[in-house]
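Take a look at how the chains of this assembly meet. We will go through the contacts one by one, and then look inside a chain.

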Amino acid sequence: MHEIQYSAPSSVAEAVGLLAASEVVRVLGGGTDLLIQLRAGTSQARHLIDVKRIAELDVLAFDATHGLRIGAAVACHRLAADPVVRATYPGLVEATTLIGSTQIQSRATIAGNLCNGSPAADTTPALIALGAVCELAGPNGRREIPAESFVLAPGRTALAPGELLVAIRVPPPAAKSADCYQRFIPRNEMDIAVVGVGAAITLNGERCTAARVVLGAVGPTPLLASEAAQALVGTTLDDAALARAAEAAMHAARPISDMRAPAAYRREITGVLTRRVVAEAARRARGRA
Amino acid sequence: MEGKDEKISTASTGTGGAERTFKIVGTRPIRHDGIDKVTGRARYGADVSLPGMLHGKVLRSPHAHARILGIDVSRAAALPGVKAIVTGADMPPVKSKTEQSGEGTTNPRHLSDNVLAKEKVLYTGHAVAAVAAASPHVAEEALALIEVRYEVLPPVLDVRAAMRPDAPILHAGLRTQGLEPASDAQTNTASVVRFERGDLAAAFAKADVVVEREFDTAMVHQGYIEPHNAVAQVNADGQATVWVSTQGPFEVRHFCAEILAMPLSQIRVVPAEIGGGFGGKTTIYLEPLAIMLARKAGRPVKLVMSRAEVLRATGPTSGSHIRLKMGATNDGKIVAADATLAYEAGAFPGSPVWAGAMCLLAPYDIETLRIEGFDVVVNRPKTAAYRAPGASNAAFAAESVVDELAAKLGIDPIELRRRNGAREGTPTPAGPRHKRIGLLEVLDAAQAAPHAAAPLGVPGSATAAHDGSGANGAASVKRRGRGFAVGFWFNAGLQSSATIAINPDGTASLVTGSPDIGGTRTSCAMIAAEELGISVDHVRPSVADTDSVGHTDVTGGSRVTMATGLAVYEAAQDVKRQLCRRAATLWKIAPEQVSFADGHTVAAGGEHPPLSLAALGAKLSRTGGPVVGRATVNAQRATGAAFAATMVDVEVDLETGKVDILRCTTIQDAGRAIHPAYVEGQMQGGTAQGIGWALNEEYVYDPEGNLLNAGFLDYRMPVALDLPMIDTVIVEVPNPGHPYGVRGVGEVSIVPPPGAVANAIAAATGVRMTELPISPPRLLAALHAAGVHATAAAR
Amino acid sequence: MSKKTHVSLTLNGEATEFLCEPRQTLLEVLRDELDLTGSKEGCATGDCGACSVLLDGHVVCACLVLAVETDARSVTTIEGLADGDKLHPLQTAFLEHAALQCGICTPGFLVAAKALLDRNPDPSEYEVRYELAGNLCRCTGYDKIVRAVLAAAATMRDAAPRVRTGTTGT
């Protein structure tokens with residue numbers, strides 16, 4: 001690795017100041033992507049700003065009014081360890097428990113997963129499906145953008161120079177709604193998603209009144225498949241509706257062929273997973289008050 | 001009496017110890033190096049640290065095929081902290097010749113050119129220069145400052161493409177060996193091997209059923225978790241010491257001496273503990289670089305490969321293309337077989353195609369056959385041995401075709417193998433007859449195993465290792481099937497040495513030269529303990545360096561417990577003979593009056609109470625001095641070939657092509673299991689590797705010859721969640737050539753799994769996969785092509 | 001060479017300090033500076049788990065932690081698993097079940113298994129495999145490792161002190 005400088009600020013203001021003052025700087029969360037990139041030479045960062053000592057960023061808090069607040073320094077394992085978070089957002093928790101291994105989940109942050117901007121990130125589709133919002137802080141103060149607008153291209157986010165992601169806010173779920181995230185990998189663990197699908201479904205009685213379907217690893221960024229969602233709203237989520245949603249998702253997908261899978265395969269699995277994920281989200285929603 | 005070759009018991013009674021009752025052999029003692037290994041104290045090669053040690057890094061070619069026009073190291077040499085740099089120009093010229101080594105052959109010129117490229121680079125990752133510096137980070141920075149000018153040439157990456165007349169040629173001077181008549185044409189085919197007997201056309205004409213298939217297997221890596229390492233120190237007088245995680249310290253010494261033009265006596269190789277090898281650490285990569293850099297720098301140098309370097313630049317095993325046609329008559333007799341095998345050798349000749357050709361049909365008694373094998377160079381890393389090298393590729397083809405024959409004939413697959421099964425006296429494909437072997441016993445054990453009678457279970461339901469996905473209408477989306485296959489490996493003999501010193505307290509110090517990869521220190525100690533009649537805790541086994549023990553060939557070829565164990569056995573006989581003479585001296589009786597039984601010297605006539613080793617040990621110095629027993633063996637005639645079988649249940653997701661392994665049993669003839677737990681371990685490990693080979697492991701190159709998946713993320717080996725418990729059945733058909741009946745166990749378990757998995761998938765779906773790995777996209781495409789879909793209902 | 005940073009941490013229960021460059025990982029410092037070579041490098045990308053250590057009680061890959069990040073934290077390595085010469089039940093179980101062949105992955109597995117059992121004293125086979133999927137083994141096929149972990153879990157449950165609570169008590 002080339003030489004680097006390391007700072008561990010204790011406040012957001014201090015972090016923002018360091019980001020502004022440094023050339024070629026990166027925020028260090030769990031380091032599970034960044035250290036690999038530094039060693040491989042794909043990141044040229046010379047100064048790392050470790051945000052794990054900022055108390056405000058270490059907060060994982062849920063309440064029924066405000067929903068879930070995930071500080072940027074919160075590691076994946078903390079979500080699954082919280083029974084209320086697990087029960088309320090099973091799909092998001094699924095996503096965090098699918099990333100890498102136990103070792104990775106001990107360190108990798110949800111914020112970092114989002115900021116790394118990989119098309120195959122697991123938490124991003126789950127967050128977008130839940131309507132999550134990103135809170136940013138920078139030299140011009142704080143602002144918010146929806147999670148679906150955060151990742152612009154592979155490895156590129158909407159963070160302006162000097163900005164860092166401070167927290168992700170997930171709205172409290174509506175009544176009778178639930179989320180689900182599944183991905184396809186060739187082994188049973190440790191692989192990068194070949195296809196990932198996150199969905200959130202809201203029911204009123206038997207009918208679906210709201211849906212979000214998000215596709216991962218089949219485009220340069222996670223894709224909010226609005227036509228797939230529209231195919232579900234107003235239906236009882238019967239097989240025919242699921243099939244239509246799957247068809248729409250397959251159309252929305254823009255997969256590439258790479259060493260992990262051919263594009264045609266990814267497109268087909270997008271349909272398969274959409275059906276499965278929506279069915280499971282619906283089953284969960286039906287079981288809720 | 002000294003020097004006379006009398007023996008208390010012969011090395012081979014021809015029964016393989018069938019008449020013996022063992023006290024220690026067959027038990028499961030804690031291994032002697034166990035505590036060090038569970039506490040992190042054991043020292044592997046990368047753990048070695050010496051005062052003043054420098055760190056080395058290797059510069060590697062970014063091109064798959066190129067001429068080296070020039071190398072300029074001046075800017076690197078000027079970097080503060082850089083102490084030495086070497087390139088191919090620093091190596092002496094080496095003659096090109098073929099020598100036996102381990103289970104294959106080596107050409108020292110090729111070995112030298114692989115260690116550091118000379119005129120050409122032949123694969124991406126081919127070593128071009130090496131640097132020693134004060135820290136690994138500085139060494140890495142120095143690499144970036146070395147300028148190499150290349151003339152890039154078109155690469156050829158595929159075995160069939162390399163055999164075409166218009167293919168780019170890797171070695172201008174290469175001519176195909178084994179061609180008749182010989183050809184002077186430039187070629188990438190290094191050699192042809194051919195076995196044939198009988199009239200093929202006539203035999204096929206007699207067949208009622210014929211199956212002909214073509215198979216492709218991808219290049220795969222041994223996948224040991226420990227990357228290659230070497231630490232070298234060269235003294236002012238030129239004496240070099242190398243600490244290295246290797247399967248063959250004597251091979252390392254020999255190869256380094258050869259390619260560095262050093263006397264053997266100037267190199268001492270100290271084997272560190274080794275973190276896996278599977279054949280991949282029976283050759284050299286870093287050792288000569290460490291020696292050259294240490295000599296230049298005047299300080300010790302440590303080199304350790306990264307994972308990417310291991311995958312890009314150390315020997316994987318061959319990808320292959322195999323065409324196999326087999327014919328059988330309706331009564332289930334296989335009457336003819338015609339096989340063509342083409343194996344990738346990588347950048348230099350030496351694929352295991354000849355072993356593949358020998359093993360392909362070795363389980364079967366086939367009168368008429370023709371097997372032709374081609375060893376072909378391609379712009380990929382030079383292949384190295386991988387656990388029964390060549391046999392898994394071949395068995396994938398053979399076991400698939402045999403299964404198809406069984407289906408067409410309406411005969412149970414195990415029964416078909418039994419009807420055609422090789423036994424003692426059956427000619428192998430290469431000609432020589434099988435000795436006493438255990439194929440039929442393995443088939444019997446397979447049919448009797450609990451797995452054979454167990455139901456497949458409801459598709460989609462959970463098992464202990466597999467959480468099932470009860471939702472999503474799993475029953476209609478999944479299919480289950482059971483597959484079976486057998487495999488053969490001939491097992492090596494080669495040479496080993498051993499000494500046993502008796503300590504004053506009656507314990508024994510056992511010294512061998514066989515690095516311990518899987519518990520062989522302890523199996524050898526158990527043999528010594530058994531023969532000497534002492535407890536296994538009272539034998540202290542150690543693995544010595546090349547100055548401290550007699551020549552010992554590789555830990556590989558499934559030979560350590562057999563051949564080094566044989567040397568240990570013989571050394572123990574030597575000890576017993578000496579102890580009897582010492583007792584005779586003490587008792588003042590004739591040596592012929594003394595025998596050894598149950599850990600005691602016994603006087604004929606019962607006049608003197610028997611003496612234990614502990615009692616004798618205290619008296620050795622006054623009966624003539626220390627007692628050290630020794631033996632050296634060439635175990636070629638003692639070898640016993642091994643058969644294994646794999647039974648596997650799979651579940652296929654018809655919508656994704658994903659395959660899960662639900663249940664697996666491995667059955668193997670071990671001859672005699674010295675330490676059953678470590679025999680089981682070998683069986684389970686080879687089976688797991690075979691499953692990885694079948695399902696997800698493959699080298700993926702881009703058209704320019706860059707390895708795209710040079711890491712454990714995308715070179716997909718099975719993780720704990722990918723496998724169930726692997727049940728083992730040890731069959732013991734004693735090897736008559738060995739006093740305990742031991743057959744090598746380390747390798748053959750990797751041979752049947754790819755065929756077994758393919759057969760299970762065929763049973764589950766009706767689709768025959770002829771390409772490895774059977775990754776989900778490939779299987780799904782094949783399912784579509786065959787019209788196999790999940791049923792619409794309950795989706 | 002950039003200026004070195006001084007790090008103080010608790011390492012295997014002892015207050016420890018070292019100097020390091022920011023670019024050095026925890027794994028490098030453990031192995032090259034502190035002579036704690038029990039943690040191994042298998043891949044440097046967090047895919048094999050051979051470098052597993054506990055950081056504040058959680059199992060992590062030391063190759064993906066910068067040494068400077070461990071200031072004021074607590075790290076446990078394989079060398080801290082045994083209590084003097086008293087082996088941890090996991091270590092004993094690995095020996096008794098022959099759960100190692102070459103042994104290179106063993107330190108990583110032991111640390112990861114300890115983290116698992118500390119959190120979940122009665123895991124199912126599935127849970128053991130899932131939690132240890134980040135530890136690669138190429139020698140054993142995992143069978144004996146999983147058996148050893150389950151056996152150690154049983155041993156530890158049997159030996160666990162009974163705790164009287166204020167209410168129902170057991």
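Chain C and chain B bury about 4400 Å² between them in this predicted model. Carbon and sulfur atoms give 58% of that area. Why start with an area? The size of an interface is often given as the accessible area lost when the parts come together.

Now count the residues. Chain C brings 47 residues to the contact, and chain B brings 58 residues. Charged side chains pair up here too: six salt bridges cross the interface of chain C and chain B. Find Arg31(C) and Asp47(B), whose side chains form a salt bridge with 2.8 Å from N to O. Polar contacts join 28 residue pairs across the interface of chain C and chain B, counting pairs with both residues at pLDDT 80 or more.

Which elements of chain C give two or more residues to the side that touches chain B? They are α1 (26-33), α2 (89-96), α3 (106-119), α4 (125-131) and α5 (143-159) of chain C. By class, this side of chain C has 22 nonpolar residues, ten polar ones and 15 charged ones.

Turn next to chain A, which also meets chain B. The contact draws 23 residues from chain A and 27 residues from chain B. Chain A and chain B bury about 2400 Å² between them. Of this area, 50% lies on carbon and sulfur atoms.

How many salt bridges cross the interface of chain A and chain B? There are five salt bridges. In one salt bridge, Arg276(A) pairs with Asp653(B). Their closest N and O atoms are 3.0 Å apart. Between chain A and chain B, 15 residue pairs are in polar contact, with both residues at pLDDT 80 or more.

Two or more residues on the side of chain A that touches chain B come from each of β11 (177-184) and α11 (263-286) of chain A. The largest share, eight residues, belongs to α11(A). Sorted by class, this side of chain A holds twelve nonpolar, two polar and nine charged residues.

Step back to chain A as a whole. Its domain assignment gives domain 1 (5-50), domain 2 (55-170) and domain 3 (177-286). The C-alpha centres of domain 1 of chain A and domain 3 of chain A are 34 Å apart.

Finally, return to chain C and look within it. Chain C is divided into domain 1 (5-80) and domain 2 (89-159). Taken over C-alpha atoms, the centres of these two domains of chain C lie 21 Å apart. Where they meet, 13 residues of domain 1 of chain C are in contact with twelve residues of domain 2 of chain C.

The two domains of chain C bury about 960 Å² between them, with 70% of it on carbon and sulfur atoms. How many salt bridges does the rule find between domain 1 of chain C and domain 2 of chain C? The count is zero. Three residue pairs are in polar contact between these domains of chain C, both residues at pLDDT 80 or more.

On the side of domain 1 of chain C that touches domain 2 of chain C, strand β3 (residues 52-55) of chain C gives the largest share, three residues. By class, that side has six nonpolar, five polar and two charged residues.

Technical notes
Residues numbered from 1 in each chain as written. Chains lettered and ligands numbered in written order. Heavy atoms only, no water. Contact = heavy atoms within 4.5 Å. Buried area = accessible area lost by both parts, 1.4 Å probe. Salt bridge = Lys/Arg side-chain N within 4 Å of Asp/Glu carboxyl O. Polar contact = N/O pair within 3.5 Å; in protein donor to acceptor, adjacent residues only side chain to side chain. Helix = DSSP H or I, 4+ residues; strand = E, 2+ residues; numbered from the N terminus. Nonpolar A, V, L, I, M, F, W, Y, C, P; charged D, E, K, R; others polar. Domains from an automatic or database assignment.
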